Amino acid sequence: MPSACFSRIAIHVPSRMSLITACLAILLLSFPLTASPLNWEELPPLPNADGVAGPFVGVHGDALLVAGGANFPKPVWETEKTFYDSIYVLLREHKDGKTAYRWVTGFHLDRPIAYGVSVSTARGVVCIGGNDASRVYADVFLLRWNPNTQSVERESLPSLPGPRTNACAAVIGNQVYLAGGTLGLDLGTATADFLCLDLGNANPAWERLPACPGPSRAFAIAAVQNNGVDECVYVFSGRRVNEKGGTEFLKDVWEFNPASLRADIGGSGGKSPWRQRADAPRCMMAGTGIALGQSHIFLLAGADETHFHEVDALKDAHPGFPKETFAYHTITNTWTSAGATPANQVTTTAVRWGSDTVKDPIILPSGELRPRVRTPQVWRITPVPGVEHFGWTDFSVLGLYLAGVILVGVFFAFRNRTADDFFRGGQRIPWFVAGMSIFATMLSSITFMAIPAKAYATDWVYFLVNMTAVAIAPVVILLFLPFFRNIDATSAYEYLEKRFNRLARLFASASFTLFQVGRMAVVLYLPALALAAITPLSEQQSILLMGVLSIVYCAMGGLEAVVWTDTIQSFVLLGGALFSLVLIVTQVDGGLAGFWDTAIANEKLHFANLDFSAHSFATTALWVVVLGGLGQSLVPYASDMAVVQRYMSVPDIGRAKKAIWTNAVAVIPASLLFFGMGTALFVFYANHPDRLDPTFKTDAIFPLFIARELPAGIAGLVVAGIFAAAQSTISTSINSMSTAVATDFIKPLNLIKTERGYLFLGRVLTVLFGTAGVLLALLFASSDIMSLWDQFMKILGLFGGAMCGLFCLGIFTTRANSTGAIIGALAGAAGLFLVQQYTPVHLLLHAFVGVALCCIIGYAASLLFPPMKRSIEGLTIYTPRDEEKTVLENTKM
């Protein structure tokens with residue numbers, strides 16, 4: 001079967017550049033750029049040799065359905081339009097690694113009809129309205145392909161409020177949206193109506209939603225895509241009769257956000273769910289569009305006004321409709337040409353055969369090539385990913401970094417003579433190194449990519465979440481740190497045994513260990529997806545490289561190797577990000593001033609939503625961000641073994657305080673850098689939309705920039721930053737898990753009698769836990785269990801807030817007892833599960849809810865049982881030991 005690839009590459013260089021900008025531009029231009037063309041492959045033609053225009057088109061039951069339509073039998077200029085009731089079904093069969101297609105015929109609609117609109121849903125192909133030669137219909141029905149009986153089934157749905165044809169439609173979940181169209185056969189009856197049918201409702205009915213603020217229209221295009229925050233319906237182009245009676249060709253674009261309607265449940269009359277976006281490059285009436293990737297919409301066909309009034313004069317000399325596709329990017333609100341097409345088939349519908357918006361093909365069946373002329377051609381369209389360039393220079397930089405990490409492990413291997421050396425670094429870690437290790441631990445490779453992606457897609461609202469780590473630092477220093485230092489804890493959970501009982505300690509330690517194994521696997525797997533996309537390494541190779549090297553230096557050097565490599569890795573990842581930020585700003589039109597103007601114009605620096613309405617708990621309102629951020633920061637800094645272990649690795653409480661403040665201070669410039677990077681990426685791609693690749697996910701926007709824009713060597717440095725961010729988290733998880741298990745589960749049994757025995761145990765556990773995490777990550781890469789594991793991790797994650805709640809119960813109350821505390825932890829986790837599943841409470845508040853529920857329920861349950869008889873002296877803020885009162889006073893900054 002013939003195929004054709006078409007691409008277009010545009011390179012823009014500012015007309016005036018400083019010397020440094022020119023140098024950077026030369027580096028960039030020496031780095032090959034590639035576009036993402038579309039591959040067009042012909043499939044077996046429609047059984048109707050003349051083709052049809054205006055058919056219902058959809059996919060269901062792994063079959064393509066093409067129903068109805070109209071054409072002009074040959075000779076086309078001497079015949080009347082003929083309408084059809086035929087249903088054609090295209091089936092595909094996979095055999096020996098190849099896919100074969102065949103048409104099945106013999107099925108019919110209730111009547112000949114064309115120019116309705118259709119959308120594919122899980123229930124079937126929803127067919128709406130349409131017309132024949134004499135009237136317009138309001139009928140709505142489902143067409144389904146039954147593979148068992150090899151037949152087409154029809155099911156009636158609620159009719160439209162009135163007849164409608166030449167409309168456009170899209171679907172989000174169970175909601176079918178219908179925009180515009182004409183109420184009669186004349187274009188003068190075009191409307192701006194916007195209707196919705198909820199197929200998930202037991203008794204569905206068409207609902208009239210706020211109309212599109214633009215002019216009335218028919219022959220428009222509708223598509224669904226994510227705008228960086230929500231899934232939205234986009235309405236493009238069309239035509240109408242203007243006030244003077246002439247035909248107006250529209251290029252305007254409108255976005256409808258259903259989330260705006262849901263947020264206005266109270267009827268407060270908030271902002272409109274509609275907003276106007278950038279006009280299309282030209283009129284694309286009667287065309288078709290479809291989402292590609294996570295933020296692109298490709299308009300694959302569409303007619304403009306060229307020769308519109310010359311049809312009768314030109315007849316067969318008409319050149320046909322323009323053969324060019326356009327790509328609209330919903331986040332940057334920009335347009336770019338997607339290259340030429342082998343044909344421009346209008347008045348048909350492009351559909352995706354599958355659910356993956358990148359991997360599954362788009363099918364474009366039949367349609368109109370020029371006035372009165374149809375085509376039976378059917379096209380299979382797929383995107384062609386760009387070619388990445390990660391050369392030997394980049395590998396050399398990455399190799400130097402990885403070799404340095406191993407050398408650190410070898411160096412500290414000779415300093416580990418006791419279990420205390422291995423698990424706590426002999427409490428000789430410098431406070432600055434301990435603080436940077438806390439910082440690196442909290443900044444995983446996922447965060448390294450996710451924060452820029454979030455700021456790129458949205459704004460700076462989440463910036464304040466990071467700043468709560470600074471606000472929580474004095475709370476941790478004053479109210480939590482003294483208790484860990486006073487009991488000289490190796491494991492954070494030793495406190496829970498002293499305050500409550502051994503069950504509380506083991507429960508918390510086991511929950512932590514299981515969660516960390518899963519977290520380590522996810523931290524290995526997700527960056528491996530990005531690395532596989534931008535380097536020659538496969539997902540499995542990336543996982544093994546990051547994981548095995550982390551195991552090696554952790555097993556050799558213990559905690560000292562971990563914290564020192566964390567510190568080195570912090571500067572590697574920050575350096576790579578900083579260089580990228582500078583490079584981006586120099587490549588933006590107008591430099592720093594242009595960067596600022598674009599960011600302000602697009603509200604990318606917005607950082608607070610002042611919403612205090614009754615429904616604001618489900619949004620990123622300022623109070624939600626602050627309260628949720630405080631809860632999210634309190635959980636790790638007050639109860640996470642991976643962080644508390646750093647508090648215990650320095651010689652004294654004074655230096656532990658400095659370590660906490662080091663992390664808090666480091667968070668500020670790092671947050672500015674990563675959120676600034678996200679904004680810079682937005683500005684860069686708003687200036688250069690042709691350099692976006694729809695095959696890359698929005699979360700991978702930074703890796704895309706690394707792969708396509710950074711010069712040789714620098715790309716290797718930034719990839720080393722991704723490795724560094726991943727390894728800092730992995731190594732911390734490995735070491736803290738081995739410490740927790742050895743200290744909480746094995747040491748109390750007195751099975752090992754010597755320090756060297758515990759040192760050997762620590763290394764064995766390090767290898768075992770590290771191997772478990774790597775194997776689980778490899779399992780993710782080779783199977784489809786990620787969604788199942790996500791659910792398991794969500795359940796374990798419910799106990800994070802509960803663990804913090806246990807520490808709060810122990811430290812801030814004297815009445816809480818062991819039974820009440822365990823009840824509180826379990827009830828807190830269960831309550832948080834219910835909140836997650838059955839309420840719209842924003843996920844930012846989940847940690848706070850978990851802590852609060854554990855504390856409230858745990859304290860109330862404790863009142864039902866007798867007070868604890870054991871001494872709690874030195875274990876609450878109300879019962880310090882006499883000799884510790886002075887120490888506690890000294891912790892007050």
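These legends describe views of one predicted model, from the whole chain to a single residue.

**View 1. The whole chain and its extent.** The chain contains 23 helices and 29 strands. Its radius of gyration is 31 Å, close to the 29 Å that the globule rule gives for 893 residues, so the chain is as compact as a globular protein of that length. The C-alpha trace spans about 105 × 65 × 55 Å along its principal axes.

**View 2. Inside and surface of the chain.** Of the 893 residues, 58% count as buried. The accessible surface comes to about 34500 Å², and 61% of this belongs to carbon and sulfur atoms. Among the contacts with a separation of 6 or more, 71% are between residues 24 or more positions apart.

**View 3. Charged side chains.** There are 63 positive and 65 negative side chains in the chain. The centres of the two sets lie 7 Å apart.

**View 4. Asp 744 in its helix.** Asp 744 is part of helix 18, which covers residues 714-746. The relative accessibility of Asp 744 is 0%, which is under the 20% limit, so this residue counts as buried.

**View 5. Polar contacts of Asp 744.** The side chain of Asp 744 makes a polar contact with the side chain of Ser 491, at 2.8 Å. A polar contact also joins the side chains of Asp 744 and Ser 509, at 2.8 Å.

**View 6. The surroundings of Asp 744.** Leaving aside residues up to four places away in sequence, Asp 744 touches Ser 491, Tyr 493, Glu 494, Arg 502, Arg 505, Leu 506, Ser 509 and Thr 739.

Notes. Residues are numbered from 1 along each chain as its sequence is written. This is a predicted model: local features need pLDDT of at least 70, side-chain atom pairs count only at pLDDT 80 or more; totals for chains, interfaces and linings use all residues. Side-chain values use heavy atoms; hydrogens and water are left out. Helices (H or I, at least four residues) and strands (E, at least two) are DSSP runs, numbered from the N terminus. The radius of gyration is taken over C-alpha atoms; the globule rule is 2.2 Å times the number of residues to the power 0.38. Buried means under 20% relative accessible area, exposed over 50%, partly exposed in between (1.4 Å probe, protein chains only). Contact means heavy atoms within 4.5 Å. Accessible areas come from the Shrake-Rupley method with a 1.4 Å probe; for residues, only the protein chains shown count as cover. Lys and Arg count as positive and Asp and Glu as negative; His and the chain ends are not counted. The place of a charge is taken as NZ of Lys, CZ of Arg, CG of Asp or CD of Glu. A polar contact is a pair of N or O atoms within 3.5 Å; within protein, one must be able to donate a hydrogen and the other to accept it, and residues adjacent in sequence count only if both atoms are side-chain atoms.
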